Amino acid sequence: PAVEAIASALLRAADPSPPDAIDGASACLGLVGAHAALLPYAAGRSVPSLGAAAALAVESAAAPLEQLSNQYGLHNGPSAASYAAEHRTCNTQLTALGLFLLRKLALAGRLRALPALAALRASWTKALAGCLEAEVAQAAARGHEWSDFSSLALARLALGTEWQPNDPVTAAALSTERLASSVDSLSASGKAAFALAMLLPGSPGADAPGFAPVDLPDAALAVLRYLASSLRVRGRSAYLAAASGSANDAGAAASSYALAAFAAARAAATRGATVPGEVTANIDKLANGLAAYSSHGGALPLVALALGDYDIATSSTDASVAITAFVGAKRLPGPLGPASASAAPTLKVTTAAPPPPPLALAWAALPPSPPPFLVLSSGHGEVSFALAVDFVPFDLFEEPVSRGLRVERVIRRHDAGLDGPVGPPLASVPLGAIVTVTVQLSSVDALHNLLVDAWLPAGLEAVDPNADGGLGASRSSRGGGGVVP
């Protein structure tokens with residue numbers, strides 16, 4: 001359902017009037033991504049007409065994409081294409097994205113049936129390779145070493161890890177080995193793109209349906225370990241952090257590349273590759289988080305494709321799972337009694353249908369002293385479920401409850417000579433007194449990216465010690481206040 005929703009959004013965004021007036025490379029690439037993302041769901045699609053609509057739309061995208069392309073690759077609009085031709089500049093990342101989306105069509109076995117897009121693949125490949133080689137030559141002419149590894153990671157995703165220029169010096173500068181040795185300098189998105197490139201066929205010419213890596217290169221495994229450690233879990237979902245130790249979201253594109261790489265690693269495991277369990281431990285949560293993003297922007301095609309890769313890896317492109325839940329011997333929501341093969345399941349989940357509505361039960365409907373909760377499932381594919389309890393505590397706490405984090409605020413008299421607080425904590429502050437407010441934070445664990453919002457105590461006024469000649473002037477002119485260090 002999530003992939004269909006994204007594909008529908010991409011089709012609506014590119015819906016032209018008249019039909020041949022699709023404007024902009026992003027809208028056209030969205031149609032390519034929508035078509036490629038829907039192909040694996042031929043047997044499990046809840047809206048059969050959506051696939052046919054995407055197939056027709058992707059054919060209509062070829063002509064506008066050709067108009068937005070020249071010897072310097074793909075460009076966002078006609079003016080950008082003209083500027084690139086005049087100034088010999090490349091939009092390396094956009095061209096690489098276009099080539100990656102065409103690779104996904106080839107991996108789904110569809111590109112050969114679209115000759116116009118296949119021709120664009122050849123011209124974009126030549127343009128991207130030529131632009132990278134020209135950039136290396138220009139850097140050498142200025143006495144610099146070319147080091148745009150972010151672009152190189154995306155280029156390798158587009159051109160394959162085996163591509164190399166004819167010139168030995170240029171080939172060394174753009175080599176996969178050099179990129180691997182510099183992977184630590186990449187952003188989370190660059191790292192994820194590199195890992196995914198290492199798990200795709202080495203050459204786009206080898207892209208074919210049913211491909212799955214048979215092993216996990218050491219360079220890819222090292223990056224996957226890093227990405228796994230950068231997942232931030234929130235209940236049933238997760239997202240990729242922008243950096244190690246950060247809580248900031250790396251964005252939909254980075255999470256999409258990461259999910260696709262994790263899915264490829266999982267597929268490799270089914271073919272006998274050794275994949276540590278911690279590498280793929282939370283990818284189901286990452287898929288849930290990616291499907292629930294509130295805004296994807298230009299990353300929508302990548303999101304849909306990554307979710308499709310995950311469903312392929314988990315055999316869930318046409319999933320059908322029946323779930324029967326019990327509390328002790330009580331079938332939910334059926335009557336008390338033992339399980340039987342003929343009884344209807346509590347829930348049935350399929351790829352071709354929206355998720356079933358939540359099942360809500362009153363606590364009184366359960367047996368006294370509820371026994372263990374049991375879930376039985378049958379069918380094929382992967383589903384996830386969660387239990388939640390909505391309740392009011394029987395005993396209300398009259399005092400603060402410690403959860404491992406303690407925040408204290410202490411108000412003490414300020415000594416101008418010592419430039420600091422003195423004496424015991426104050427229960428009240430005399431009018432006109434200068435005080436220091438200290439916020440103290442105690443934790444049993446190491447914490448990162450913690451924000452403490454300490455409001456000014458009621459009745460006090462913050463004083464800037466650097467204004468109006470210092471604390472003495474502030475005191476005489478304002479008649480009171482507090483100093484917040």
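Student: Which residues are linked with Arg121 in a network of salt bridges?

Tutor: Arg103, Arg121 and Asp207 form that network. A salt bridge here is a side-chain nitrogen of Lys or Arg within 4 Å of a carboxyl oxygen of Asp or Glu. This is a predicted model, in which local features need pLDDT of at least 70, side-chain atom pairs count only at pLDDT 80 or more, and totals for chains, interfaces and linings use all residues. Residues are numbered from 1 along each chain as its sequence is written, and side-chain values use heavy atoms, with hydrogens and water left out.

Student: How far apart are the closest N and O atoms of Asp207 and Arg103?

Tutor: They are 2.9 Å apart. The pair links distant parts of the chain, 104 residues apart: Asp207 is in the loop between helix H10 (188-199) and helix H11 (218-229), and Arg103 is in helix H5. Helices are DSSP runs (H or I, at least four residues), numbered from the N terminus.

Student: Are Asp207 and Arg103 buried or exposed?

Tutor: Both are buried. Buried means under 20% relative accessible area, exposed over 50%, and partly exposed in between (1.4 Å probe, protein chains only).

Student: Changing topic, which residue does Glu278 meet in a salt bridge?

Tutor: Its partner is Arg225, at 2.7 Å from N to O.

Student: Why does Glu278 count as partly exposed?

Tutor: Because its relative accessibility is 48%.

Student: And how many salt bridges does the structure hold?

Tutor: There are eight.

Conventions:
Helices (H or I, at least four residues) and strands (E, at least two) are DSSP runs, numbered from the N terminus.
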